[in-house]
Amino acid sequence: MPAIRVDGLTKSYGQTLALSDLSFEVHEGEVFGFLGPNGAGKSTTINAILDFIRPTAGRVEVLGMDAQSHSRDIRARTGVLPEGVETYDRLTGREHLQFAIDSKGVGDDPEALLERVGLLDAADKKAGGYSKGMSQRLMLAMALVGQPELLILDEPSTGLDPNGAREMRRIVSQENERGATVFFSSHIMEQVEAVCDRVGILRDGEMVAVDSVEGLRDSVGGGESLRVTVDRIDDDAVQAVRSLSDVSSAAVDGKEPPTLVVQVDGSKTAVLSELEERGLEVRDFSTTEASLDDVFQSYTTDREVKAR
Amino acid sequence: MSSETETGAAAGSTADSPSSSINLESVRTVAKKDFQDSMRSWVFWGLSVFFFTLLVTITGVIAYFGEDIAAQGATTDVLVGLVSEITRLIIPLIALVLGWKAIAGERETGSIKILLSLPHSRKDVLLGKLIGRSAVLAISLTVGFVLAAVVVAALLGQFDVADYAGLLAMSILYGIAYTSIAVALSSLTRSTTIAGAAMFGVFVLFYVVWNTLSNVVWLLASREILFFDTVTYTTEIQGQSVEVERHQDWVYFLVNMDPGEAFRRTLTLITDADLIELQVELNAEMFGGELPFFLQDWFSFLILLFWIVVPIAIALYRFDRVDL
């Protein structure tokens, strides 16, 4: 049973189509990164998952239940960190936590949760005096109440400094080890890269790619770039490398020492043996992975992309 | 269409609780949170202090200069009459100010998502808000009434506590009616600006429009416009039979629908005070011996309940069906 199943989800606001026939699944026990630029429809999707909005067409199932008719049951077993939300100015951090604990009917200790997100010192301060990062931590703590089976985190790093973002990722990993499925949205690739098992990329209300982090790298042309230092270089050798099936491009990158940069999708040894067959001596080589940010860019900007 | 999957899902969960159901424990939790939150609103306390001051000052002045009245044993009447008039005018103001942001404010700041990320239904949230804010209002009123009573008691010695308690109880009910109107209107929009305008609209409707209703209808009737008409009845003035005109029944009914008017008429039921000024004096003679049931004072109590139940009921129905 998938933790989340989105099936043909369409949402339009008047003339504007926010989501168009979106389908994907989040497997039980995984950390799923839901990636897309701002305005791609991530929040709309999450709002439909939580029954904050009603789909124009299609359906959503969470933990095997219909998102609309069983929303309360779903939310009893889910922890949510909503996006772009203000906390209650006049209530303290502790009162926020107590409210979440009472709401879920569990016996968690507010202090333990506040400590986990590094907010214990501010437990009795009113949330109106919290910084953006502190509010975000507070809401993360509220999401953790009751050891939920599913965590839905909408842009959890908003307002967090790099340190805070790292802390947040650590908590995500801990929760995942505990057995929770984590559904995690972001518009920044590097934040999902470190913690996510799989990533879905949303663009203009459509899922343009769903794959593991590795798979995504491979799916984009020039998944890896191979840097080869040789004793000498000749045009024939470069041509021969270029004509290899897995190679998308090859170029000379400097004469001292002679270096060749090859974008390769599959076997790197094929490139190396081709060079050696041509009588070139390979002195050194290194590979660099295309950064996931490049992958993300290629999916979400108008550059030509071979999808999937 | 999707009945198969739904049955499967229902079987999977232990308790089948549809999302739109009301869970009392949830309502209580939301109410408690909302109570904590609203109790700390300085706008609310500012208004309450204004209310206390007005109440205490006026009752104090009356008590001080009213020794003659006291001698006649009419203190409670004066007190109830005055306090009820102040209350009638100020409570709607406090309730509307307390309630206008109840839902719209949370939708505007997004904090409604905090509430609804937790296992509360939208109905739980609405009812919790109504109860939480009504409780805050009730506390404010109780404090104000007790303060006023202390001043009067100190100046005059004693007064009828039962009448006064009845007035407090009815005032709270009246306050809940306006809170229900405020929370309901607040749930219809996600803009606090629109919600604020709606509150102002309610204020104008019941303070201005409704108060002139009787006169306007009279005017229309005298010119025989549309279906407006008057009814003629006979009464005896100084032994002589005189023909007098009165409104049609429905006009009185409409005038009585004003929560403030309902509040006044209900008060005549539970206190002996004669000094409550009704907008339209009704007597049995006008209706040939007996008042229609819907114009009797006990019916005003139902009208007050109507104003508690109907606005929130409409909101409960509608709020379940909107995108947040």
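# A walk through a two-chain model

Let's start with one residue, F183(A). Leaving out residues up to four places away in sequence, F183(A) touches I4(A), F24(A), V26(A), F32(A), F34(A), I46(A), I49(A), L151(A), I152(A) and L153(A). Here, touching, or contact, means heavy atoms within 4.5 Å.

Before going on, a word about what you're looking at. This is a predicted model, where local features need pLDDT of at least 70 and side-chain atom pairs count only at pLDDT 80 or more, while totals for chains, interfaces and linings use all residues. Residues are numbered from 1 along each chain as its sequence is written, chains are lettered from A and ligands numbered from 1 in the order in which they are written, and side-chain values use heavy atoms, with hydrogens and water left out.

Back to F183(A): along with F24(A), V62(A) and I201(A), F183(A) is among the residues with the most contacts inside the largest nonpolar core, which has 95 residues. A nonpolar core is a set of buried Ala, Val, Leu, Ile, Met, Phe, Trp, Tyr and Cys residues joined through side-chain atoms within 4.5 Å. Buried means under 20% relative accessible area, exposed means over 50%, and partly exposed is in between (1.4 Å probe, protein chains only). Helix 5 of chain A gives this core its largest share, 7 residues. Apart from this core lies another, of 59 residues, and L47(B), A182(B), F263(B) and L295(B) are among them.

Now let's look at the strands of chain A. Chain A has 11 helices and 14 strands; these are DSSP runs, numbered from the N terminus (helices are H or I with at least four residues, strands are E with at least two). In the order 6-7-8-3-9-10, 6 strands of chain A form an open sheet with mixed pairing. Two strands count as paired if DSSP finds at least two bridges between them. At the edges sit strand 6 (78-81) and strand 10 (206-212) of chain A, each pairing on one side only. From one strand to the next, the twist averages 15 degrees.

Inside that order, strand 3 (residues 31-35) and strand 9 (residues 198-203) of chain A pair in the parallel sense over 4 bridges. For F32(A), the bridge partner in strand 9 of chain A is R198(A).

Helix 5 (residues 132-144) of chain A lies across strand 6 and strand 7 (150-154) of chain A, at about 170 degrees to strand 6 of chain A. Helix 6 (residues 162-178) of chain A lies across strand 3, strand 7 and strand 8 (181-186) of chain A, at about 155 degrees to strand 8 of chain A. For these angles, axes are lines fitted to C-alpha atoms, for helices over the stretch in contact, and angles run from 0 to 180 degrees between N-to-C directions.

Strand 1 is worth a stop too. Strand 1 (residues 4-13) of chain A pairs with strand 4 of chain A in the antiparallel sense over 5 bridges, and R5(A) stands opposite E61(A) in strand 4 of chain A. Strand 1 of chain A also runs antiparallel to strand 2 (residues 16-26) of chain A, joined by 7 bridges. There, V6(A) has F24(A) in strand 2 of chain A as its bridge partner. The hairpin of these two strands of chain A has 2 residues between the strands, and G14(A) takes a positive phi near 60 degrees.

Phi brings us to two loop residues. Most residues other than glycine have a negative phi. Q147(A), however, has a positive phi near 40 degrees; Q147(A) is found in the loop between helix 5 and strand 7 of chain A, and counts as exposed because its relative accessibility is 55%. D204(A) has a positive phi near 45 degrees and is in the loop between strand 9 and strand 10 of chain A.

The contact takes 44 residues from chain B and 39 residues from chain A. R54(A), in the loop between helix 1 (42-49) and strand 4 (57-62) of chain A, touches residues including R122(B), D320(B) and D323(B). Is R54(A) buried or exposed? R54(A) counts as buried, because its relative accessibility is 16%.
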